[in-house]
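Me: I am new to this structure. Walk me through it in short steps, please.

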Amino acid sequence: MRKTLLESLTHGSLTEPAPAPDDSALAELATKVDRAAQARLGRSLAIREVDAGSCNGCELEIHALSNAFYDIERFGLRFVASPRHADVLLVTGPVTKNMRQALERTYNATPDPKWVVAVGGCAIDGGIFRGSYACVGGVSETVPVDLHIKGCPPSPTDLLKGLLALLEHVSAKR
């Protein structure tokens with residue numbers, strides 16, 4: 001045990017260094033999302049995340065939005081526990097047969113105006129699970145989807161860019 005401890009102290013870390021933070025670009029992006037939400041809704045954007053049967057890769061990236069590095073709450077974006085308080089449903093993973101009814105009920109419980117965002121390759125078309133006996137398919141086969149965010153999994157920055165694109169598109173349609 002002592003030998004292992006000494007080796008770990010003398011050899012240093014084997015992990016990759018963290019990317020250099022680009023705080024100004026992240027802050028600018030999140031501020032744009034908040035401004036678009038304020039213009040469209042008159043308040044901050046409430047997000048409900050729904051896992052429809054994913055591998056949890058996308059959830060890890062979505063949860064990273066709440067960590068100290070991204071901290072989207074400081075920009076007025078927040079995750080809510082109930083679909084009744086949500087403006088946006090972030091749906092991850094292919095829709096499994098067991099989750100189809102739950103996703104439909106969540107969609108129906110979300111008040112208008114509501115938007116659905118399919119996050120990740122599996123949510124778009126079923127991904128590697130397409131054709132499985134337990135999989136219905138992508139999110140759009142169960143509920144209407146307003147935006148697809150590609151990636152396996154998409155980065156937190158891609159998620160913020162997607163939310164901004166959604167809000168700008170909705171505001172332009174008005």
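Reply: Begin with a term: buried means under 20% relative accessible area, exposed means over 50%, and partly exposed lies in between, with a 1.4 Å probe and protein chains only. The model is predicted: local features need pLDDT of at least 70, side-chain atom pairs count only at pLDDT 80 or more, and totals for chains, interfaces and linings use all residues. Residues are numbered from 1 along each chain as its sequence is written, and side-chain values use heavy atoms, with hydrogens and water left out.

Me: What percentage of the residues in the protein chain is buried?
Reply: The protein chain has 174 residues. The buried ones make up 43%.

Me: How many helices and strands does the protein chain have?
Reply: Both are DSSP runs, numbered from the N terminus: helices are H or I with at least four residues, strands are E with at least two. From the N terminus on, the order is α-α-β-α-β-β-β-α-β-α-β-β-α. The count is 6 helices and 7 strands.

Me: Which strands stand at the edges of the sheet?
Reply: Two strands pair if DSSP finds at least two bridges between them. Here 5 strands form an open, parallel sheet in the order S2-S1-S3-S5-S7. Each edge strand has a single partner, so one side of it is left without a neighbour in the sheet. The edge strands are S2 (77-79) and S7 (147-149).

Me: Which residue is the bridge partner of valine 119 in S7?
Reply: Strand S5 (residues 115-119) pairs with S7 in the parallel sense, over 3 bridges. Valine 119 has its partner in S7. That partner is isoleucine 149.

Me: What angle does the direction of helix H4 make with that of S3?
Reply: Axes are lines fitted to C-alpha atoms, for helices over the stretch in contact, and angles run from 0 to 180 degrees between N-to-C directions. Contact means heavy atoms within 4.5 Å. H4 (residues 100-109) packs on the sheet and touches S1, S3 and S5. Its direction makes an angle with that of S3 of about 165 degrees.

Me: Is phenylalanine 129 buried, partly exposed or exposed?
Reply: Phenylalanine 129 is found in the loop between helix H5 (121-125) and strand S6 (135-137). Beyond its neighbours within four places in sequence, phenylalanine 129 is in contact with Pro94, Cys122 and Cys135. Its relative accessibility is 30%, so phenylalanine 129 counts as partly exposed.

Me: Where does the proline of the cis bond from aspartate 112 lie?
Reply: Most residues other than glycine have a negative phi, and most peptide bonds are trans. The bond from aspartate 112 to proline 113 is cis, with omega near -5 degrees. Proline 113 lies in the loop between H4 and S5.

Me: What is the phi of asparagine 56?
Reply: Asparagine 56 lies in the loop between S1 and H3. At 40% relative accessibility, asparagine 56 counts as partly exposed. Although it is not a glycine, its phi is positive, about 80 degrees.
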